[in-house]
Amino acid sequence: MMKISQIIKELDLELISGEKGLDNETNGVYSGDLLSVVMASAKEKQIWLTVQTHINIVAIASLIDISAILIVEGMEVEEDTIEKSNELGIPIIRTNKTTYEISIELYKLGIN
Amino acid sequence: MNNSKDKNKIKLEYSIISNDFKRAGETSSNIKSILKKVGIDNKVIRKVAIVTYEAEMNIVIHSYGGNIKLMVEGNNIIINAYDKGPGIEDISLAMKEGYSTATDEVRELGFGAGMGLPNIKKCSDYFKIESSTEGTRLLIKISF
């Protein structure tokens, strides 16, 4: 298990919102952009990698107890998404890297 | 908090507004936190969360509006989702993974994967769907 705050530090990620959840722990990653598939397959405490940025991603993360949402490819995150993430304390973090590139880095860090 | 008297008192009803993507997910989130408070098992909560979220999104995306009702009866969570039209033309197609009638606009947001109803069925111990041009009705039971 590793804290989200530590992953942000190690991989030089950008914290966008949801600071309250920085102590959330994770030991796995799920990647996907089709919301129903994510709902069915992502597991609790995983970090969710996606290009989706609208408010519904926070609802999904909250419903299935995702530890943090990692936005890839530097996508712009909408204002109401940020507000919801702050409200629920689910961190949204961001990288300019692709899903594949950041997945490798997460793996090397020991998240697998 | 793990009190069966509390559980059996649960009777919830929410109205869902068509096309309201901003509030979408609030009903299922609310249901989840209530079930958590009365000590329902996490695995059961996950199933209920998936079922109510998918049902909620179906109403938002495809219908003219509707409602979701949930109650606890003995060891069952009973969920009723009802919407006002236009109904599902071919239920057996709608039950097939990957089949969707969602617009391109909605798909760009990641909806319309064609997994909604299959996900609901997978998480249910009992699942019944009825649809006409008047509307669609789902009855779901999840046992714990």
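Predicted model: local features only at pLDDT ≥ 70, side-chain atom pairs only at ≥ 80, totals over all residues.
Local features need pLDDT of at least 70 and side-chain atom pairs count only at pLDDT 80 or more, while totals for chains, interfaces and linings use all residues. Residues are numbered from 1 along each chain as its sequence is written, chains are lettered from A in the order in which they are written, and side-chain values use heavy atoms, without hydrogens or water.

**Exercise 1.** Work out which side chains of strand E1 (residues 11-16) of chain B are buried, and which strand pairs with E1(B).

B:Leu12, B:Tyr14 and B:Ile16 point to one face and are buried, meaning under 20% relative accessible area with a 1.4 Å probe, protein chains only. Next, the partner: E1(B) pairs with strand E2 (residues 66-73) of chain B in the antiparallel sense, over six bridges (pairing takes at least two DSSP bridges). Within that pair, B:Ser15 sits opposite B:Asn67.

**Exercise 2.** Find the strand order of the five-stranded open sheet in chain A, and say why one side of E2 and of E4 has no neighbour.

Read off the order: E2-E7-E6-E5-E4, with mixed pairing. E2 and strand E4 (29-31) of chain A are at the edges with a single partner strand each, so one side of each has no neighbour in the sheet. For E2(A), the pairing with E7(A) is antiparallel over three bridges, and A:Leu15 has A:Ile93 in E7(A) as its bridge partner.

**Exercise 3.** Describe the largest pocket: how much space lies in it, and what lines it?

Volume comes to about 610 Å³, taken as the space filled by probe spheres set on grid points joined across faces, edges and corners. A pocket here is an open set of points on a 1 Å grid over the protein atoms alone, where a 1.4 Å probe fits, with protein on both sides within 12 Å along at least five of seven lines; lining residues have an atom within 4 Å of a point. Of the 35 lining residues, the closest to the centre are B:Asn58, B:His62, B:Ile88, B:Thr101 and B:Leu117. H3(B) gives the most, eight residues. Helix H2 (35-41) of chain A is among the elements that supply at least two.

Note on methods
Buried < 20%, exposed > 50% of the residue type's maximum accessible area, 1.4 Å probe, protein only. Helix = DSSP H or I, 4+ residues; strand = E, 2+ residues; numbered from the N terminus.
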